[in-house]
Amino acid sequence: MKGHPGGLNRTQSLLAQSGLAPGARILDMGAGDGTAVRFLRQQGFQAVGIDLAGSADVLTGDFLHAPFQAETFDAVLGECSFFLSGHVPQALAEAWRLLKHGGTFLYADVCFQELAGLTALLERTGFIVVDVQDLTADWRDYYF
């Protein structure tokens, strides 16, 4: 499989909701082949991606232990990667560490627990949850 449910449409939707302005520094955690990184750069953002596989546009590395100083990014993007890491709480903690104070977390992922449980986990990490959507239809279209 390539990409993630919703593809770049999901990335665009997250970006539109964020209010981020071009020039903002964004880290894509679990960036895959770099599709979102390239898209973000085309939109004028300073985008960096990290993934175990790496590519020409993506740093090779483990995003659970990202090689960046704390509070480096204006935004962190996580699309269908935190669940796959097998360590969602650790991935969230790393995203929190990497975000500047007041930064934005753009997150779309598979969630096999109740949304209330995920929301509680996000809030315990320190995030303020602004919007939650059930995108099961996108997931079904992608996988089936």
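Reader: What percentage of the residues in the chain is buried?
Author: Of the 144 residues in the chain, 44% are buried. Please keep in mind that this is a predicted model.

Reader: And how many helices and strands does the chain have?
Author: There are 6 helices and 5 strands. Starting at the N terminus, the elements follow the order α-β-α-β-β-β-α-α-β-α-α.

Reader: In what order do the strands sit in the sheet?
Author: The order is 3-2-1-4-5 in an open sheet of 5 strands, and the pairing is parallel. Strand 3 (59–60) and strand 5 (99–108) are the edge strands, each pairing on one side only.

Reader: How many bridges join strand 1 to strand 2?
Author: Strand 1 and strand 2 (residues 46–51) are joined by 5 bridges and run parallel. Ile26 has Ala47 in strand 2 as its bridge partner, and Asp28 is partnered with Gly49 in strand 2.

Reader: Is strand 1 enclosed or open to the outside, and why?
Author: Strand 1 (residues 25–29) is largely enclosed by the rest of the structure, because 4 of its 5 residues are buried. Strand 2 is also largely enclosed, since 5 of its 6 residues are buried.

Reader: What about strand 4 and strand 5? How many bridges do they pair over?
Author: Strand 4 (residues 73–79) pairs with strand 5 over 6 bridges, in the parallel sense. One example is Ala75, whose bridge partner in strand 5 is Thr104.

Reader: Which strands does helix 2 touch?
Author: Helix 2 (residues 35–42) packs on the sheet and touches strand 1, strand 2 and strand 4. The direction of helix 2 makes about 175° with that of strand 2.

Reader: Let us pick a residue in helix 2. Is Arg38 buried, partly exposed or exposed?
Author: Arg38, which is found in helix 2, has a relative accessible area of 31% and is therefore partly exposed. The range for that class lies between 20% and 50%.

Reader: Which residues does Arg38 touch?
Author: Leaving aside residues up to four places away in sequence, Arg38 touches Asp33 and Asp57. As for Val58, its C-alpha atom is separated from that of Arg38 by 9.5 Å, and the two residues are 20 residues apart along the chain.

Reader: Changing topic: where does Leu59 lie, and what does it touch?
Author: Leu59 lies in strand 3. Not counting residues up to four places away in sequence, Leu59 touches Gly49, Ile50, Asp51, Gly54, Pro67 and Phe68. Leu59 counts as partly exposed, because its relative accessibility is 40%.

Reader: Now the helices. How does one describe two packed helices?
Author: One gives the angle between their axes and the distance between the axes.

Reader: Then what are the angle and the distance for helix 4 and helix 5?
Author: Helix 4 (residues 88–98) and helix 5 (residues 115–125) pack at about 40°, and their axes are 10 Å apart. The two helices are therefore oblique to each other. Their crossing is right-handed.

Reader: Which residues meet there?
Author: From helix 4, Val88, Pro89, Leu92, Ala93 and Trp96 meet Leu121, Leu122 and Thr125 from helix 5. By class, this contact has 7 nonpolar residues, 1 polar residue and no charged residues.

Reader: One last topic: what is the phi of Cys80?
Author: Phi of Cys80 is positive, at about 55°, although the residue is not a glycine. Cys80 is found in the loop between strand 4 and helix 3 (82–85), and counts as buried because its relative accessibility is 16%.

Reader: And where is Glu71 found?
Author: Glu71 is in the loop between strand 3 and strand 4. Its phi is near 55°, a positive value in a residue other than glycine.

Note on methods:
Residues are numbered from 1 along each chain as its sequence is written. This is a predicted model: local features need pLDDT of at least 70, side-chain atom pairs count only at pLDDT 80 or more; totals for chains, interfaces and linings use all residues. Side-chain values use heavy atoms; hydrogens and water are left out. Axes are lines fitted to C-alpha atoms, for helices over the stretch in contact, and angles run from 0 to 180 degrees between N-to-C directions. Angles under 35 degrees count as roughly parallel, over 145 as roughly antiparallel, 65 to 115 as roughly perpendicular and the rest as oblique. A crossing is left-handed if the near helix is turned anticlockwise from the far one by less than a right angle, and right-handed if clockwise. Contact means heavy atoms within 4.5 Å. Ala, Val, Leu, Ile, Met, Phe, Trp, Tyr, Cys and Pro count as nonpolar, Asp, Glu, Lys and Arg as charged, and the others, Gly among them, as polar. Buried means under 20% relative accessible area, exposed over 50%, partly exposed in between (1.4 Å probe, protein chains only). Two strands pair if DSSP finds at least two bridges between them.
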